[in-house]
Amino acid sequence: MKILHPTKYATLLFAFLLLFTTNAQELTKVSPEEVGMSSERLEYLTKTFQDYIDENELPGAAILVARKGKTAYFETFGKNDLENNVPMTKNSIFRIASQTKAIVSVGIMILQEQGKLLITDPVGKYIPEFMETKVAVSKDDGSYDIVEANRPITIRDLLTHTSGVSYGQGIASDLWEEAKIQGWYFADRDEPILATVTRMAELPFESQPGEKFVYGYNTDILGALIEVISGKPLDTFLKENITDPLGMTDTHFYLPKDKKERLAVVYSNSEDGLERAPNPGGMIGQGAYVEGPRKSFSGGAGLLSTAMDYTKFLQMMLNKGEFNGKRIISPKTVELMTTNHLPFPLGEGTGFGLGFSTVEDLGLRGELGSEGEFAWGGAYHSTYWVDPKEELVVVYFTQLIPAGDIDDHGKLRALIYQAIIN
């Protein structure tokens, strides 16, 4: 038997380790052709988004397209800060608003996997104020009655946005306004999220539990649930269970001071073009993400992140719960989260799972994509989707509110799918 010389053995061991390490890395940049996309056809995407910048329709943007676990396209456009001529970079940090919901929904499913809850549980089991809630019912004369809820709201109701909890601007908006709980923006609140959510429980909701899809504070309530059940602040729980294991080092509720220069400026589309949103402002504004109380961890709309960080999270979902050797949730949990749970359509050809919209009928939806796709977006005009059939993850970040009638989301979808050639 031939015995390898120690030097040759060391060389082979190093080569093996290098191969293993290379294979273990995900989202590494490759040529589009390596993952079945066309560099030439992706130029249409680049030109179109550069046109939005040149025509002053977008201040800046980042687009990341991953396919088959590799980064096929990652480009930035325009400026992080127009007035100060700061370019948008791949490390720019964005307010992701409702894209927080997917991460917090995964947090709830982690607690179910740990045996600490069931999503069929009533919310009131953990936050007693929610055991008996009320519903506002409109009357013909424009007033409303307040009635008892037919049943307790469950955790699954919150995950599917069928609890009846709105953003406080529906039938009984006067009472929500009086309680100073309206809109999705919480960063300026000088109280913990649980305190705000507990006050919500006293107010009348928009519909009976399970009756219809009502977009609102559902995931903020889930964030408070995570704090109660885990015994940890929401930011700590997410850091320990999701963002740190995934290597999402730039995902925060409130920005560390040494990262403030990377935070993209918010702009608004107006008749006179792009205008810098007020500072701090409210829902339209720069927000209290650097300066402010740093007390309210909004599970519905509070996180800041980068395009690469958020892609890591979505790649984990596409990988059935695992990324770079770190398992966050099980494949069956991912399946449940990305399956439609609504007994009625959310929109033409679409449904809603546990934290994500779902594509149920491609023809009815009428846009390029695949059945089984799951997605959502954020108030600052960001969007994302995951297409398991195409092994595709798309993250698009910009900071534009209100966005006006810009057609960038539709063009983004069309120009990515036309570049898939294999």
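Q: What makes strand E16 (residues 383-387) and E17 a pair?
A: Two strands pair if DSSP finds at least two bridges between them. E16 and E17 are joined by five bridges in the antiparallel sense, so they pass that cut-off. Tryptophan 385 stands opposite valine 394 in E17. A word on the source: this is a predicted model, in which local features need pLDDT of at least 70 and side-chain atom pairs count only at pLDDT 80 or more, while totals for chains, interfaces and linings use all residues. Residues are numbered from 1 along each chain as its sequence is written, and side-chain values use heavy atoms, with hydrogens and water left out.

Q: What lies between E16 and E17 in their hairpin?
A: Four residues do, and glutamate 391 in the turn has a positive phi of about 50 degrees. Strands (E, at least two residues) and helices (H or I, at least four) are DSSP runs, numbered from the N terminus.

Q: How do you know that E1 and E17 pair?
A: Six bridges join these antiparallel strands, and the definition asks for at least two. Here alanine 62 stands opposite phenylalanine 397 in E17.

Q: Why is E17 called mostly covered?
A: Buried means under 20% relative accessible area (exposed is over 50%, partly exposed in between, with a 1.4 Å probe and protein chains only). Six of the six residues of E17 are buried. Leu392, Val394 and Tyr396 are buried on one side, and Val393, Val395 and Phe397 on the other.

Q: Why are E3 (86-87) and E13 (350-352) called edge strands?
A: The open sheet of eight strands has the order E3-E2-E1-E17-E16-E15-E14-E13, with antiparallel pairing. E3 and E13 each pair on one side only.

Q: How do you know that E14 (residues 357-359) and E15 (residues 374-377) pair?
A: They share two bridges in the antiparallel sense, and at least two is what the definition requires. Threonine 358 stands opposite phenylalanine 374 in E15.

Q: Why is helix H6 (residues 193-200) called oblique to helix H7 (residues 218-230)?
A: Their angle is about 120 degrees, with the axes 9 Å apart. Axes are lines fitted to C-alpha atoms, for helices over the stretch in contact, and angles run from 0 to 180 degrees between N-to-C directions. Under 35 degrees counts as roughly parallel, over 145 as roughly antiparallel, 65 to 115 as roughly perpendicular and the rest as oblique, so H6 is oblique to H7.
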